[in-house]
Amino acid sequence: MKIDKWDKKILTKLYKNSRATLSELSKQVGLPKENIHYRIKRFEKENLINYIPYVNLSKTGINYFLIRMRIDPLSKNYSKFIKDMIKDEKILWLSEDKIMQAKKFNLTAIMTYVDFSKIEDVFTKFTDKGILEEFDIYLIRTLGFNYQDIYSDEESFSCFIKTGAHRFEKNTDKTDEKLVMKLLENSRIPLTELGSKIKLSPLTIKSRIKKLIEKDVIKNFMISLNFNKLDGKFIALIYSAETMHVSKEVRRITGKYFSEVMTVSAFFTKHRILFGRVKDEQNFLKAMSELNKFKGMTISSVSENTQILKNKIF
């Protein structure tokens, strides 16, 4: 999908506030409301964007888990399993690596759950039924994001979230959690429609959202992108980190060459994952050359054909 300078301006503004009205976007971008509306509908039709809150669910008592899975893509269960995972509101990220080697994970998910034992039970049942060949689950410690180019030629954006419910004192209720999950489905939804879904008045919804922002549960409203729709290729890179702060340096290095980057770090393991879109082979090789010289990490595998199946986080 081709993105022009006006598309980039609109995406930049939606990234900063996905709940902005057409009138607000028109003033900020400098295009008529009708033109803004047409372009946004094009983004939606092409499945380029999702409207989401930039939220830390760990502050509501919910954990983020990284799940690495191996499933035979030729299996009769494959298609249904993928569809069920995409439909599951607890799944925020799902990607597939097009590999056929034995003993290699080919699906990666980021999933929200309260505790480890319950999510482990879910995936153990999948293996017992012969749907999954193997899986590993990790409690996510941090999520880091760098964005360049797609939002603006002049600006870059970076975000960093510390996760793990045990780190925070919970000060939200079940209604707050339900509200946040509905906003993850579509953060651009009108308050009246949102209120009808969770049986609250628009005024109450507005008040609760304001309090969630004050508590730093929600930082702002943004968009996530289907990067496979854009130029270049999407990379999944597995590496091990010698110290806790390696991923920050990895994001800095790859941020010079990649258009967008997400790093996922988990508790109790040195292994990390980086996802990112790079425009061309030259930038990819430059990034890999610099990463290979960085002494704080060791690269264990690189997938250059990663497909994003669901993205409600990045």
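Trainee: Before we start, what should I know about the numbering and the model?
Mentor: Residues are numbered from 1 along each chain as its sequence is written, and in this predicted model local features need pLDDT of at least 70, side-chain atom pairs count only at pLDDT 80 or more, and totals for chains, interfaces and linings use all residues. Side-chain values use heavy atoms, with hydrogens and water left out.

Trainee: What volume does the second largest pocket have?
Mentor: The second largest pocket has a volume of about 320 Å³, where a pocket is an open set of points on a 1 Å grid over the protein atoms alone, reached by a 1.4 Å probe, with protein on both sides within 12 Å along at least five of seven lines. A volume is the space filled by probe spheres set on the points.

Trainee: And how many residues line the second largest pocket?
Mentor: It is lined by 16 residues, of which Ile62, Lys90, Val114, Glu177 and Met181 lie nearest its centre; a lining residue has an atom within 4 Å of a point. Strand S4 (107-113) and helix H6 (174-185) are the elements that give two or more residues to this lining, and the largest share, 6 residues, comes from H6. Helices (H or I, at least four residues) and strands (E, at least two) are DSSP runs, numbered from the N terminus.

Trainee: Lys90 again: which ring does its charged end sit over?
Mentor: The charged end of Lys90 sits over the ring of Tyr113, 5.5 Å from its centre, and that of Lys233 sits over the ring of Phe284, at 4.5 Å. The test is NZ of Lys or CZ of Arg within 6 Å of the ring centre and within 35 degrees of the ring normal.

Trainee: Changing topic, how many aromatic pairs are there?
Mentor: A search of the whole structure finds 15 aromatic pairs, counting rings of Phe, Tyr and Trp (its six-membered ring) with centres within 6.5 Å, and calling planes under 30 degrees apart stacked, over 60 edge-to-face and the rest tilted. Phe227 and Phe234 form a stacked pair, 5.7 Å centre to centre with 10° between the planes.

Trainee: Is Phe227 buried or exposed?
Mentor: Phe227 counts as buried because its relative accessibility is 1%, and Phe234 is buried at 3%; buried means under 20% relative accessible area, exposed over 50%, and partly exposed in between (1.4 Å probe, protein chains only).

Trainee: What about Phe267 and Phe268?
Mentor: Their ring centres are 5.8 Å apart and their planes at 40°, so that pair is tilted. Phe267 counts as buried at 14% relative accessibility, whereas Phe268 counts as exposed at 83%.
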